[in-house]
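Here is a friendly walk through some backbone details and charged pairs. Have the sequence and the 3D view ready as you read.

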Amino acid sequence: MAAAGALPAVAARLRRAAAAAPEARLETVRALAGLFREAQPREMAEESIFQNLLEILMSASSEIEQAYKNSCELVDLDTCLLLIAECFRCLRNACVECAKNQHVMRNLGLISTSVNLIKLLHGIQIKEELLLTALRCSLQFLGNIAAGNGDSQNSIWKCAFPDLFLTCLTYSDEKIVAYCCMVLFTCLNSVKVRELLDPGNLTVALHVLKVYKEQLESEWSVTLLELIMAEISEKNPVTSEEMNVFVRHADFLAGCFQEKCEAVLKLTSAADAEDEEALVTIRLLDVLCEMTSNNGQLEHLQALPGLLETAIDTLRLTHLAGKQAVNIFTATHAMTGQEEISHPAVGFKSHLIRLIGNLCYKNKENQDKVYELDGIPLILDNCSIDDNNPCILY
């Protein structure tokens, strides 16, 4: 209630902020951001507040642009960056569970202004903490204005895809990358998934996987791999052009699987049944199985160095883990309950055998390699009725 009572006075100070000293302007915006942490001030906020914040952002953006264009030393860059970050915090807070404010901000053009400002800040090419904070807050704002709001999601996608996502996904700052992933996945729907996986845009999807490989942002990778699976499954056949794009990146996907495959062994512990890194490994295997099931692309995938060896080694490790203790990799001949049926690793060993079989299809070199690696006894040892790996006999 006290916050709601303070809002009119702070809003009045904000109206006069353009003529105020930079420090006073910053203090006012900071106070407003604090008020918007509570629901009632958010609901009470009038359009003029967001118009004033937009003007402050545009003014700060103009100052930065002029400073770098004319090598002007009179601009206080630190204060500009602090002000930009605080404006975005304010807008971010005002969006929380408030469709009214999301609608007003979008209609004022704050989404396109924010996207343009992010591009400008990226162009500064400095890695100071103040710049990173401004970028983080800007992406958090885009995430919040998109949350539960289809119109805002469409607006962000139109302004930001694919260039802004590519820019932020390649940043060295982990928080910026994580917030970028958040915005990307908040905006996705069935139509945008098709656009994301279009041959010309697939680089964005592969960058998300690259993030997983380097920074372990596994949550987004699981979702993305499920989307890729949906695109290349038999129910949703892709065009030859789309499949060619997938195959051009097959080395990368196989490399991810080879590097992270042992993470699946974490699933031997019931406490780690939802381990994100292990879930990504499972989804990578699913994708590789589907890709090796496409006759037009099989030859390329069969020649990928180390993939067959990794599949055999992983089968050996999971098979041994299932023999050493009772866990999800232990062969079972009777259903013991719904928990095992819904476990994410159900079918993992059968999928490994499927991948090995696909890689050996009409390929004498790979067939000989399986023999040399003692893969045949291993596969035969797994060919028993196993409720945790249905269809393994086939």
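## Backbone in the loops

Please keep in mind that this is a predicted model. The peptide bond from Phe161 to Pro162 is cis, with omega near 0°. You will find Pro162 in the loop that runs between helix H9 (150-160) and helix H10 (163-169).

Two residues have a positive phi without being glycine: Glu97, at about 50°, and Asp374, at about 55°. Glu97 sits in the loop between helix H5 (77-95) and helix H6 (99-108), and its relative accessibility of 74% makes it exposed. Asp374 belongs to the loop between helix H22 (364-372) and helix H23 (375-382).

## Salt bridges

The model holds 14 salt bridges. One of them joins the side chains of Glu86 and Arg89, at 3.1 Å from N to O. Glu86 is buried at 7% relative accessibility, while Arg89 is partly exposed at 24%.

Arg136 and Glu129 also pair up, at 2.9 Å from N to O. Here Arg136 is buried, at 12%, and Glu129 is partly exposed, at 48%.

## A link across the chain, and a network

Arg354 forms a salt bridge with Glu290, their closest N and O atoms being 3.8 Å apart. This pair ties together distant parts of the chain, with Arg354 in helix H21 (residues 348-360) and Glu290 in helix H17 (residues 276-292), 64 residues apart. Arg354 is partly exposed at 31%, and Glu290 is buried at 15%.

Through shared partners, salt bridges connect Arg30, Glu86 and Arg89 into one network.

Terms used:
Residues numbered from 1 in each chain as written. Predicted model: local features only at pLDDT ≥ 70, side-chain atom pairs only at ≥ 80, totals over all residues. Heavy atoms only, no water. Helix = DSSP H or I, 4+ residues; strand = E, 2+ residues; numbered from the N terminus. Buried < 20%, exposed > 50% of the residue type's maximum accessible area, 1.4 Å probe, protein only. Salt bridge = Lys/Arg side-chain N within 4 Å of Asp/Glu carboxyl O.
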